Amino acid sequence: MDVRKAAAKDLPHLKEMYREIVGEMKSRGIDIWDEVYPSEFLGEDIEKERLYLLTEGEETVAAFALCAESGGENAVAWEDGGASALYLYRLGVSPRFLRRGIGSAALEKAVRIAGKMGAEYLRLFVVDSNEPAVNLYLKNGFRRVEGVYEDKIVPGFTLKEHGFEIKTGI
């Protein structure tokens, strides 16, 4: 499995892949992503060169963004709050490739890339009700930290997100 930065030409395919992911999540009762998030952020991720694709041959099987900041970075108790870190966003696996270890492979690549970029930690937030994602992160060595980030999406709608982190090994 290869990893590369996404390019503008990838955007239509990625938006379709994320629409499929949203449909799969909704079919399992995980109603967190929608037609706006994460699809509307992919173009900016590509423009800022922070969106990565996992490919198998010519097919994109997963994608994720590595960001320098997070809105919730001060809401939880990281192991070393002053350490350099990158934040994992928008990790998605094509529904056609579920249950093949692609999520774990994507996380391994993300940790490695974050370390090469000088980050001591790879951190992320996950909505408390997204049990499959929580299980994936724990299975892959991420540690849940104390505290909750309350992400106010719109008035009256707040997501409660837990922080997870892993050392990159640099």
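Author: What follows covers strand pairing and then the nonpolar cores. This is a predicted model, where local features need pLDDT of at least 70, side-chain atom pairs count only at pLDDT 80 or more, and totals for chains, interfaces and linings use all residues. Residues are numbered from 1 along each chain as its sequence is written, and side-chain values use heavy atoms, with hydrogens and water left out.

Reader: How many bridges join β5 to β8?

Author: Seven, between antiparallel strands β5 (residues 121–127) and β8 (residues 157–167). Strands are DSSP runs of E, at least two residues, numbered from the N terminus, and two of them pair if DSSP finds at least two bridges between them. Arginine 123 has glutamate 165 in β8 as its bridge partner.

Reader: And how many bridges join β7 to β8?

Author: Five, again antiparallel, with β7 at residues 149–154. Glutamate 150 stands opposite lysine 160. Two residues lie between the strands of this hairpin, and glycine 156 has a positive phi near 85 degrees.

Reader: New topic. Which residues touch the most other members of the largest nonpolar core?

Author: Phe64, Leu66, Leu88, Leu91, Leu122, Tyr137 and Phe142, out of 30 residues. A core is a set of buried (under 20% relative accessible area, 1.4 Å probe, protein chains only) Ala, Val, Leu, Ile, Met, Phe, Trp, Tyr and Cys residues joined through side-chain atoms within 4.5 Å.

Reader: Where does the largest share come from?

Author: From α3, with eight residues.

Reader: What does tyrosine 137 touch?

Author: Leaving out residues up to four places away in sequence, its contacts include Leu88, Leu107, Val126 and Phe164, counted as heavy atoms within 4.5 Å.

Key
Helices (H or I, at least four residues) and strands (E, at least two) are DSSP runs, numbered from the N terminus. Buried means under 20% relative accessible area, exposed over 50%, partly exposed in between (1.4 Å probe, protein chains only).
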